[in-house]
There are 4 protein chains.
Amino acid sequence: MEIGIKAIGGYEEVGKNMTAVRAGDEVVILDMGLNLDRVQIHGETRTETMESLDLIEMGAIPDDTVMGDLDGEVKAIVCSHGHLDHIGAVPKLAHRYDAPIMATPFAMELIKDKISWEKRFKVENELQTVEPGKRYQVSDDLVVEFVHTKHSIPQTTTVVIHTPEGAIVYALDFRFDRNPVMEDPPDFKRLRQIGREGVICAVIECVNVETEGMSPSESVARMMVNQTLHEAENEDVGVMVTTFSSHVARIKSIVEAAEAMDRRPLLFGRSMDKYITTAEKLGIVDLPGDIGIYGHPKAREDIMRKVMKDGKENYLLIVTGHQGEPGATLTRIANETLPYEAEPEDQVVFSARRIPNPLTIANRYSMETKLRMKGARLFQDVHVSGHAGKQDLYDMIKMLQPQHLFPAHAPLDMMSGFVDLTESMGYRMGEDVHLMRNGQEMVIS
Amino acid sequence: MEIGIKAIGGYEEVGKNMTAVRAGDEVVILDMGLNLDRVQIHGETRTETMESLDLIEMGAIPDDTVMGDLDGEVKAIVCSHGHLDHIGAVPKLAHRYDAPIMATPFAMELIKDKISWEKRFKVENELQTVEPGKRYQVSDDLVVEFVHTKHSIPQTTTVVIHTPEGAIVYALDFRFDRNPVMEDPPDFKRLRQIGREGVICAVIECVNVETEGMSPSESVARMMVNQTLHEAENEDVGVMVTTFSSHVARIKSIVEAAEAMDRRPLLFGRSMDKYITTAEKLGIVDLPGDIGIYGHPKAREDIMRKVMKDGKENYLLIVTGHQGEPGATLTRIANETLPYEAEPEDQVVFSARRIPNPLTIANRYSMETKLRMKGARLFQDVHVSGHAGKQDLYDMIKMLQPQHLFPAHAPLDMMSGFVDLTESMGYRMGEDVHLMRNGQEMVIS
Amino acid sequence: MEIGIKAIGGYEEVGKNMTAVRAGDEVVILDMGLNLDRVQIHGETRTETMESLDLIEMGAIPDDTVMGDLDGEVKAIVCSHGHLDHIGAVPKLAHRYDAPIMATPFAMELIKDKISWEKRFKVENELQTVEPGKRYQVSDDLVVEFVHTKHSIPQTTTVVIHTPEGAIVYALDFRFDRNPVMEDPPDFKRLRQIGREGVICAVIECVNVETEGMSPSESVARMMVNQTLHEAENEDVGVMVTTFSSHVARIKSIVEAAEAMDRRPLLFGRSMDKYITTAEKLGIVDLPGDIGIYGHPKAREDIMRKVMKDGKENYLLIVTGHQGEPGATLTRIANETLPYEAEPEDQVVFSARRIPNPLTIANRYSMETKLRMKGARLFQDVHVSGHAGKQDLYDMIKMLQPQHLFPAHAPLDMMSGFVDLTESMGYRMGEDVHLMRNGQEMVIS
Amino acid sequence: MEIGIKAIGGYEEVGKNMTAVRAGDEVVILDMGLNLDRVQIHGETRTETMESLDLIEMGAIPDDTVMGDLDGEVKAIVCSHGHLDHIGAVPKLAHRYDAPIMATPFAMELIKDKISWEKRFKVENELQTVEPGKRYQVSDDLVVEFVHTKHSIPQTTTVVIHTPEGAIVYALDFRFDRNPVMEDPPDFKRLRQIGREGVICAVIECVNVETEGMSPSESVARMMVNQTLHEAENEDVGVMVTTFSSHVARIKSIVEAAEAMDRRPLLFGRSMDKYITTAEKLGIVDLPGDIGIYGHPKAREDIMRKVMKDGKENYLLIVTGHQGEPGATLTRIANETLPYEAEPEDQVVFSARRIPNPLTIANRYSMETKLRMKGARLFQDVHVSGHAGKQDLYDMIKMLQPQHLFPAHAPLDMMSGFVDLTESMGYRMGEDVHLMRNGQEMVIS
């Protein structure tokens, strides 16, 4: 049986991930993501009303018109986890395929949310919620398995497609965290077992391949958050922390630090509300009862007035806006369009890295400059990455022993680090390490 | 009484620190350090036979000929801690002053060692070992106090000179580690008290002023070391860790990790021997009995042959050479001039940052390239800094409330971050923040 | 007579230049500039309706409230040339002083234009147009001389204030171009003579002090423009060049290249119209008769339609938008909101450097990405700087032999290169090289 | 007839270029270069005594053992020009092939020189000097043509191999200089004609593919050299210029500038002697009679003493050492081991870029620091590149219209810019743009 790996998106950029795996004439689609950069440079804010082909032309979503060349029938659309660069194009593309969408509960809730905002297309695919650690028969020949792993959002999976020829592993967005703050460590035992059973191909992320060494555990981030919040001189000043709203483990650490400081944790922002409420509803995290969550503008303003009146020193604000996004809570505080005021000595902790995109850098620069002009103290990079470092990638490949490797989730220049790494392990580019461009298929016979 | 702060060295570079504090006509010298970069570019390896004036002209040691302009008598030479950029010029300069050298026990042992190698000058100053937390009367008017702090070498102190006009604080090389791996946290209580008593001037380091936020605790480094050593796939391969030989806390963490891995820790290198043996002798650290320390070339080669024969998987080597220094153990392993062989999959952990100096970068590049050509896996930056980050500096200044600030231990462009920081706190350059050049004195009346 | 140099703006940033020179109780103000970055980050587009104090608080214009501390009467406001960072705050600040505004004709036209747009303040100061090479008595004791120099805008001057104590030289924004494309070379003879007569202080720009060597002549830029336009394969494609609209010499070179290529040069953009029309009116430049200048949106669209119809290969478009400014012609072509279309193989020549400001970098990135997506070929950095390189600064100081030096037009970290340079010439920071902060005065007695 | 392009060296690095082109069972080898970096990091200085296999293992020369897999007979070894990364491995590898070495006269003289120093191998291949613009039958089916082009060394050629299937073009190391200082411009007419005749494959350099725009002409460099030498204040000081000794056109410009300054030009260094003497002998350049060339240490010291005695202001020294190479003239002047002294205000012009290799950066840093400590003024980057910029590559490809493209002379990450460029022209990686690793062959049928 012929095995084909078709690159649809994410093979020339970080973003809009989409891969099709073909075994004989049956196909599984992996991820349907958004490329936020291309949305930003076009100044688009309402993608929900746009046509797929316009978004494809902008480079904002994968160009799945190439699926027409693929000689097979799509049996399932599988999302590895709930980040936008993996699910963001579902509302624009999924309806073209007569196949269920499969994802873990947390990701599925986010997919449903995206679909509910969509204005142009009706997405009526079956939504099949799956369980990490479980295997699902999606056609006569194909079984999809979801191996639990760690990333920076709950319920991330390494997806394995079992074919009659052996396994195909899709390892985008993972880290090897053996001391996580939440949920179990990755299922190393199963990964090793899959390796022993025989892996034909592995599609592997390259986001952090240039990071020498291993990616630190989330417990390192928790320690850094604790040290920053407990140890700076901050008894009588305002303290805000900004982080990814989908990073539930990080928010948990921040909330716990707030409790230990005798400050009431308040969460601000629509996305903060969406992610945390969903995580609590699904039982993924259990935050203390006195936490406040303020997703709506009106509620946000009311509680901010109360905080200013009661005294900022009684609260710890957890806010959106770590990338200086226009409209996010921290950005609006910097712009003085909210009733919460940043004052001299107030602390702003960035529990996130700055995304190295010119538009984001500009947004951060504007926001930080304004916060500094008010006298606020900025604490940056209180953060660890959610992506595998070079030596984690080494260990993943060592466990899986794949016959063929496909670097993904990166532009070509970043893939060169993956080539160097894998060649140091005995692979060879052009022989068993394959660089692909969006739209190309590699057939393994 | 007139107070003078005289910059001798370290006000135009990172290195060769030396400051003179004058109260009326009594003077205390703080540190006498070496500028390693200037030794390196001149290709000098035997500074012990060189004249002071030649080293001054090379920029390798502070130009203390400017002391002649200073209207006062030197009462003490005080070393804040035992790093070379603070004690390295003692053998070349101390003999010119009729004053005791004061330092904590660990630093004093290193000073004695330096003096013992000196070939050109007889250093016969009284060597007065001091205790952190204690105060010493050095003249009628002056008392020197050693406040315990943390850095990347044991027994580091923030030095306080008490004058009739108030205190002068010399805070070069410190970090605010509240969860140290070894020794107590800094004596924050005393620092705050000194602040309340009144600080006229503070001389403060700028090495990491560009690091937004706080410097992580050594316990973060320990966690990173543990995760790297325990979690990479390394059961049956050779593992080496390289770090600063004076960084006893780090070496302790590495040794403990080795024990937990059931590998015997072996320490290699002359400086590794000197520092660790000294630390053990002084009771600073207590390493397990089965540790091996190999400072002598012959002993080093013998044990390496044994390791190769017994199996590398039973040992963990802790080696010098993290900067690719010619002659260091790791460098020589890379060069294949020792009987220990780096093989494919062997792991080399750099528990140190790469010093951003062109000659060091070249040395590291050569060594790393050779190790990679042998198939070794490199784990880099498993490390945290020993210097205060920007927000630690903020807190130090907030505790001390000094009337005047003097940035030090940096070239002018790095000092600009210190100016920005202190101006955000209400100070003003040219008024109470003073930029000085080597050789200049600032008089506070 | 006491001489005072008071830093008002431009001593902590590149932008909003303003210096006051006091001789006894008479004062001359030099430049009143805008800090565009601070306007941008606040998202302001209509500064003409804003209050001075609001703009001061934003950091957009110099804080001249410190002029109240200055014990003297303002006798003249002198603008060295017509760039916005030197004249942009005139409409907001000049009316506070009962003194004439002095500038060369080209700068004066631009000042008048700025004043005409101002909505909040009436600027009724006398406008005194001056001639390069001439001296003007502005009070009993003070004479202001305008020495012709070169920069990237016509009629730039090095301003010299002659006092009874000697000369004070204000050398912001100059380059030593001995082979200019337009106007004479700098008046070296007069600079040397002023040096021999005796210079007390010189305020000198630091913008390019980190550029080792000399700044290339504008004739190098002309040669680069020629080679790019004549030699790339472009016979049958569209060609656009974008450059600074105030850079009349550069535009002259581009227009001449267009003529030599048998393409009709068309200039687009409101500022392009303003600057070039002014330069022609003043007899500074004489462009060929068939050149088209299209400042108005309607005219712009009409001619673009004609170009598309006639064939792009008959025209060369010279457009605004080299920094991706929203609303500029090139930006709008990239955004497809104009009737001119960028097509595959079309050439876009950037005869300008990218300004290293995060907001500009983001704008350029967005525009370039869109142009590339259309298949356009981008030719970047076909440009030389209008600011003095390190070795030009050396020669300026060597000619003037000033007793005291004041670096300006840069943040502190950039000034460190100036300190290194001047110390290599025998000056010494803190003695005869003075670093100042906005608002500070240095008195030379 | 099957056409094979076999990458031997230079497909994973900048250096050690070697490619084999196979047409049926006949093979032409293109270049046999050295990778200087790998020689440097191993601290080797006497490669002439080393075995090929040792140099291969070090990565210093191409691993031509892969030639064994190639099913064909080597008919010619063709060197495109005389730089070491193209001819440096000839003494180590050529003797293994029973085929003539073909090169233009200047390159051939350098090849002979290399062979004469070789201690281990006898290189007895026929040496066939060729003429640019001519075609040479090397076997029944193959004709090799040398198309004149420009680079930074005389007599550089773009090599074309004519096969029964069409032409194969080898365009490593070229620039499109239409206004050269010496020799004719590239033979564009012939390149276009070859394009029309039909090009199967082109192997193209990527060294400067990241340079947006075109590479400036050597006449720009001449103008920059002139402006630097004539316009800085240097009448009564020492002036040295350092550049590539093989860059005869640059040296010509410098010599002419010296004449115009009424300074006698003196050339120093063994390689300066070798290259210039060869160029004069071959009639490539005609330097004025009063030029002095000093290749031998003794002669060098004698004339330096004379210069110091006569007055430096009468001479202009052209010296080796632009990369701080140990033993080069400028390096030794910095180290004070020659009788010529660098003094305050003396000028040192670097008419070369700094090669971005860590060891070179370290060498330059050491040398520059020492020169600056002596008060010398450094003029850097008075230089233009000899390699094609991105838009020159575009034009080359547009002229040749090759069916298949092979980027070379770069590591993989640098090749990504080539992929982006060619994909903007309608090619596609993996289809007609082929990334290869050293040792791989791509067969075009």
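**Figure 1. Chain D meets chain A with 16 residues on each side of the contact.** The model is predicted. About 1200 Å² is buried between chain D and chain A. Carbon and sulfur atoms give 52% of that area. On the chain D side, D:Leu412, D:Met429 and D:Arg437 lose the most area to chain A. Together these three residues account for 43% of what the chain D side buries.

**Figure 2. Six salt bridges are counted between chain D and chain A.** One of them joins the side chains of A:Arg437 and D:Glu423. The N to O distance in this pair is 2.7 Å. Polar contacts also cross the interface of chain D and chain A: ten residue pairs are found, with both residues of each pair at pLDDT 80 or more. The chain D residues that touch chain A divide into seven charged, five nonpolar and four polar.

**Figure 3. B:Asn357 sits in a loop of chain B, between strand E16 and helix H12.** Strand E16 covers 347–350, and helix H12 covers 358–373. B:Asn357 has a relative accessibility of 9%, so it counts as buried; the cut-off for buried is under 20%.

**Figure 4. The side chain of B:Asn357 reaches the backbone of B:Leu359.** A polar atom of the B:Asn357 side chain lies 2.8 Å from the backbone nitrogen of B:Leu359. Neighbours within four places in sequence are left aside for the remaining contacts. On that basis, B:Asn357 is in contact with B:Asp37 and B:Gln40.

Note on methods: Residues are numbered from 1 along each chain as its sequence is written. Chains are lettered from A and ligands numbered from 1 in the order in which they are written. This is a predicted model: local features need pLDDT of at least 70, side-chain atom pairs count only at pLDDT 80 or more; totals for chains, interfaces and linings use all residues. Side-chain values use heavy atoms; hydrogens and water are left out. Contact means heavy atoms within 4.5 Å. Buried area is the accessible area (1.4 Å probe) that two parts lose on being put together, summed over both. A salt bridge is a side-chain nitrogen of Lys or Arg within 4 Å of a carboxyl oxygen of Asp or Glu. A polar contact is a pair of N or O atoms within 3.5 Å; within protein, one must be able to donate a hydrogen and the other to accept it, and residues adjacent in sequence count only if both atoms are side-chain atoms. Ala, Val, Leu, Ile, Met, Phe, Trp, Tyr, Cys and Pro count as nonpolar, Asp, Glu, Lys and Arg as charged, and the others, Gly among them, as polar. Helices (H or I, at least four residues) and strands (E, at least two) are DSSP runs, numbered from the N terminus. Buried means under 20% relative accessible area, exposed over 50%, partly exposed in between (1.4 Å probe, protein chains only).
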